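Here are my notes on this model, for your reading alongside the coordinates.

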Amino acid sequence: MTKNMPFFGSITDWEEIMRLRHIPGSEDEIKKSTWVYQSPEETQKSIKDPLFIEIGMGKGRFIIDNAFSYPDINFIGIEMYESVMVKATRRLDALPREEQPKNLHFVRMDARDIKEYFPPESVDRIYLNFSDPWSKTRHAHRRLPSALFLNRFNSILKTGSTIEFKTDNLGLFEFALEEYEKAGFTLIYKTYDLHADEEAMKSNIMTEYEEKFSAKGNKICKYIICKTGSADNVLTVQS
Ligand code: SAM
């Protein structure tokens, strides 16, 4: 299940893990959950400005914490697997009604279909956190920071809006740095050690994977790219 690949590091076969960790009944639970927009139509008619989305939200810690921290922003978390998303819906269901966030919803889908759910220029920010590395070259088209995916994301983003990408996987980060220009983005921030950047850390919200891998001593890489913007502004923290 886990292979050590040069450069891409320790690679996990996410589909295999998901097959093994399948939670019986999670499909039904997600279909009935009021946290989840169930179709492209429901998503399109429900979305409100300003809108930030996380693609590949996993168990949802990052997007839930964001929703609590920024009540005036609307958040949508996107995840492919019901068995993962159900951890987020259960956590929210367990809160007293008056403490439940009103600015957070989820969509269960493959991000390949994102343009069916979000109209052109409807999104203010996209977060990609610890996206699956898909280490084999023949799977590169599945990497979320690939030009193929970034082109899809470009069309739903408003002009001047940003994508923020974090990973501890140096191979995936270097790949991502080669891809954004092909999809019409400009780099506005880049670091190979986010946790050493005091200014950036003031507003950093940790993801589950970020906590796990930074605790092991892995450095966290991050970039911010803009749908339009000036390349003159690139900030780099090297280490
Ligand atoms: N973002 C979380 C974090 O940082 O803790 C979870 C990271 S986990 C490695 C990547 C997540 O992205 C998985 O839950 C996976 O199912 C989801 N994912 C991968 N490809 C996806 C796609 N094409 N569409 C939607 N979700 C996807």
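1. Terms first. Helices (H or I, at least four residues) and strands (E, at least two) are DSSP runs, numbered from the N terminus. This is a predicted model: local features need pLDDT of at least 70, side-chain atom pairs count only at pLDDT 80 or more, and totals for chains, interfaces and linings use all residues. Residue numbers start from 1 along each chain as its sequence is written.

2. Overall make-up. The protein has ten helices and eleven strands. Of its 239 residues, 38% are buried (20 or more other C-beta atoms within 10 Å of a residue's own; exposed is 12 or fewer, partly exposed in between; C-beta atoms are placed from the backbone). Contacts are counted when two C-beta atoms, placed from the backbone, lie within 7 Å. Among contacts with a separation of 6 or more, 78% link residues 24 or more positions apart.

3. Ligand shell. The ligand is surrounded by 21 residues, with G56, G58, A111, F130 and T207 the closest (a residue is near a molecule if its C-beta atom, placed from the backbone, lies within 6 Å of it). Both β5 (74-79) and α10 (208-215) supply at least two shell residues each. The largest share, three residues, is from α10. By type, the shell has ten nonpolar, five polar and six charged residues. Here Ala, Val, Leu, Ile, Met, Phe, Trp, Tyr, Cys and Pro count as nonpolar, Asp, Glu, Lys and Arg as charged, and the others, Gly among them, as polar.

4. Core. A nonpolar core is a set of buried Ala, Val, Leu, Ile, Met, Phe, Trp, Tyr and Cys residues joined through C-beta atoms within 7 Å. The largest one has 51 residues, and I53 and I126 touch the most other members. Strand β10 (residues 221-226) gives the most to this core: five residues. Leaving aside residues up to four places away in sequence, I53 touches I76, I78, V123 and I126.

5. Helix α4. Which residues of α4 (residues 61-69) are buried? They are R61, F62, I63, I64, N66 and A67. These pack against β4 (51-55), β5, α5 (82-93), β6 (104-108), β7 (123-129) and α10.

6. Strand β10. Six of its six residues are buried. C221, Y223 and I225 lie on one side, K222, I224 and C226 on the other.

7. Partners of β10. Strands pair if DSSP finds at least two bridges between them. Six bridges join β8 (residues 157-167) to β10, antiparallel; T167 is bridged to C221. Strand β9 (residues 186-191) also runs antiparallel to β10, with five bridges. There, L187 stands opposite I225.
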